[in-house]
Amino acid sequence: MASENSSECHHEKTALIETDSAPDEQQLCAAKPNESKLTLYHWTQSFNSQKVRLAIAEKGLHCEEYDVSLPLSEHNEPWFMRLNPTGEVPVLVHDDNVICDPTQIMDYLEQNFSEDGTPKLIPDEGSTYYHRVQHYRELLDSLQMDAYTHGCILHPEITVDSHIPAYAATSIRTQIVNTESELKKLAEENPELKDAYIAKQRRLKSKLFDHDNMKYLKKLLDELESVMDQVETELQRRVEETPEEGSPSWLCGDFFSMADVSLAVTLHRLKFLGLSRRYWGNGNRVNLETYYERVLERPAFRRVLGHVNNILISAVLPVAFRVARKNAPVIIGTTLLIGILGGATYLAFLYMKKRLTVSSCGSWKWN
């Protein structure tokens, strides 16, 4: 019996490992003739959007992406509120199906796109690894990432080497006040969406109150220590299992799973917020540190999140170009666009110059 279980375990492992290789560019860009259209509405800096986009990239699926700019309040526009009454990204549209919850989106992708060599990110329900993957998905997805993000923006003193611009704290407070007024106005202008706008306004007020509460934030960050300890212990188990040569272990086994999608994006967000030094590095949680370094080298991760922590490239420039396209008259559009591009390029130069100066002084490290 033990031999049979060992054999089953080996076959499960082999099946998952075989689908773990990252798809090449042709696979990503070419939809199969009989494959129906996938459309994802997302925002580059949205944590939940990043998880879904990484899952799509790891599975090698062709998906049309539409940036819903949060800085430009596009997620509050009536067309998007009709698509998702909560006004949140991401939203996946596939045929007549509209899925708005990020966990449900990833489950939907796995259930509907796991044939013909498409990588599996969740083991079969009866397999040895299924419960392990689901446990860590639930554990990591329960983290209050909105609170970490807004809390670190509002209280930069708790961060070290944060990628958050210095102006962000003032900007987010102003944006929240403006958004409340905007939602009230939109509720009046769109009576069929009034309830949705009012509900969103209430949620916004509640979030600001909680996320600006330093005591609450410290409690959440302390609880995160326990989660990172669990992950570190699990990664140590993988090290002790001595995987086959050429098949390095991930969180739940010798295959990259949906739990790894959650962990990879979580670690990248903590790095962006300036919290990485608290949770790994300098001899602290060495398995977690090694894991993150390996994640950064995955082709799918680099495509989706390679420039996300650079605010200029991932957020400022796209918003500037979007504004130019939306508001500039055709006659002066090109001139304005060139002006914005020149200004943005200069800002990028100053930004990189500052980073290089800091780096040369020995106070900045990427990992």
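**View 1. The outward face of helix α8 carries the exposed residues T170, V177, K184, K185 and E188.** This face is turned away from the helix's buried side. The model shown here and in the other views is predicted.

**View 2. Helix α8 from end to end.** Helix α8 covers residues 168-189, a run of 22 residues. At 1.5 Å a residue, α8 should span 32 Å. The C-alpha atoms at its ends are 30 Å apart, which agrees with that expectation.

**View 3. The buried side of helix α8.** Which residues of α8 are buried? They are A168, A169, I172, I176, T179, E180, L183, L186 and A187. Seen down the axis of α8, these buried residues fall within an arc of 140 degrees, so they line one face of the helix. What covers the buried residues of α8? The cover includes α4 (78-83), α7 (145-154) and α9 (194-211).

**View 4. Y41 and W79, a tilted aromatic pair.** The structure holds eight aromatic pairs. One of them joins Y41 and W79. Their rings lie 5.9 Å apart, centre to centre, with 55 degrees between the planes. Y41 belongs to strand β1 (residues 38-42), while W79 belongs to helix α4. The pair therefore ties together parts that are 38 residues apart in sequence. Is Y41 buried or exposed? Y41 is buried, with a relative accessible area of 18%; the cut-off for buried is under 20%. W79 is partly exposed, at a relative accessible area of 32%.

**View 5. W79 and F80, an edge-to-face pair.** Here the ring centres of W79 and F80 are 5.5 Å apart. Their planes meet at 75 degrees, so the pair counts as edge-to-face, since the cut-off for that class is over 60 degrees. F80 is buried, with 0% relative accessibility.

**View 6. A cluster of aromatic rings.** Which residues do ring pairs link into a cluster? The cluster is made of Y41, Y66, W79 and F80. W79 was seen above in its pair with Y41 and in its pair with F80.

**View 7. Arginines over aromatic rings.** R294 lies over the face of W250, at 3.9 Å from the ring centre. R298 lies over the face of F256, at 4.0 Å from the ring centre.

Conventions: Residues are numbered from 1 along each chain as its sequence is written. This is a predicted model: local features need pLDDT of at least 70, side-chain atom pairs count only at pLDDT 80 or more; totals for chains, interfaces and linings use all residues. Side-chain values use heavy atoms; hydrogens and water are left out. Helices (H or I, at least four residues) and strands (E, at least two) are DSSP runs, numbered from the N terminus. The expected span of a helix is 1.5 Å times one less than its number of residues. Buried means under 20% relative accessible area, exposed over 50%, partly exposed in between (1.4 Å probe, protein chains only). The arc is that of the directions from the helix axis to the C-beta atoms. Contact means heavy atoms within 4.5 Å. Rings of Phe, Tyr and Trp (its six-membered ring) pair if their centres lie within 6.5 Å; planes under 30 degrees apart count as stacked, over 60 as edge-to-face and the rest as tilted. A charge sits over a ring if NZ of Lys or CZ of Arg is within 6 Å of the ring centre and within 35 degrees of the ring normal.
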